[in-house]
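Try each task on your own, then follow the solution step by step.

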Amino acid sequence: MIDFHEVMQRVKQILSAQTKKEKILDRDIADSLKLDPQYFAVIKRRKKIPYESLAHFCEKHKISLNWILLAQKPQYLT
């Protein structure tokens with residue numbers, strides 16, 4: 001089963017590396033996934049993974065969707 005918090009931790013890792021910020025807030029994740037912060041709070045509480053938003057995020061940042069969801073290597077697409 002894919003864990004919501006692990007997936008969001010990997011999204012935070014990408015955002016932290018790109019923005020050089022140590023602290024990534026839920027608002028930052030919601031913005032990067034192009035989700036309303038209130039909606040992100042709801043799906044976080046329900047542990048619902050926003051697959052379509054993650055797919056667009058991965059495409060934009062050239063990240064493997066398998067890495068984001070399942071921690072499978074390689075992380076970056078070439």
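**Exercise 1.** Find how many salt bridges the whole structure holds, and name the residues that form them.

*Solution.* Keep in mind that this is a predicted model. A search of the whole structure turns up two salt bridges.

- Step 1: One joins Lys-21 to Asp-28, with the closest N and O atoms 3.3 Å apart. That lies within the 4 Å cut-off for a salt bridge.
- Step 2: Another joins Asp-26 to Lys-44, where the closest N and O atoms are 2.7 Å apart.
- Step 3: Now place this second pair. Asp-26 sits in helix α2 (residues 26-32) and Lys-44 in helix α3 (residues 37-46), so the pair ties together parts that are 18 residues apart in sequence.

**Exercise 2.** Work out how the axes of helices α1 and α3 are oriented, and which residues make the contact.

*Solution.* 

- Step 1: The axes of α1 (residues 4-19) and α3 come within 9 Å and cross at roughly 135°.
- Step 2: An angle over 145 degrees would count as roughly antiparallel, and 65 to 115 as roughly perpendicular. The two helices α1 and α3 are therefore oblique to each other.
- Step 3: On the α1 side the contact is made by Phe-4, His-5 and Met-8, and on the α3 side by Phe-40, Ile-43 and Lys-44.
- Step 4: Sorted by class, this contact has four nonpolar residues, one polar and one charged.

**Exercise 3.** Describe the aromatic pair formed by Phe-4 and Phe-40.

*Solution.* A pair of aromatic rings is described by the distance of the centres and the angle of the planes.

- Step 1: The count comes to one aromatic pair. The ring centres of Phe-4 and Phe-40 are 6.2 Å apart and the planes stand at 40°, so the pair is tilted.
- Step 2: Phe-4 belongs to helix α1 and Phe-40 to helix α3, so the pair ties together parts that are 36 residues apart in sequence.
- Step 3: Phe-4 is buried, with a relative accessible area of 3%, and Phe-40 counts as buried at 1%.

Technical notes: Residues numbered from 1 in each chain as written. Predicted model: local features only at pLDDT ≥ 70, side-chain atom pairs only at ≥ 80, totals over all residues. Heavy atoms only, no water. Salt bridge = Lys/Arg side-chain N within 4 Å of Asp/Glu carboxyl O. Helix = DSSP H or I, 4+ residues; strand = E, 2+ residues; numbered from the N terminus. Axes fitted to C-alpha atoms, helices over the stretch in contact; angles between N-to-C directions. Parallel < 35°, antiparallel > 145°, perpendicular 65-115°, else oblique. Contact = heavy atoms within 4.5 Å. Nonpolar A, V, L, I, M, F, W, Y, C, P; charged D, E, K, R; others polar. Phe/Tyr/Trp six-rings, centres within 6.5 Å; stacked < 30°, edge-to-face > 60°. Buried < 20%, exposed > 50% of the residue type's maximum accessible area, 1.4 Å probe, protein only.
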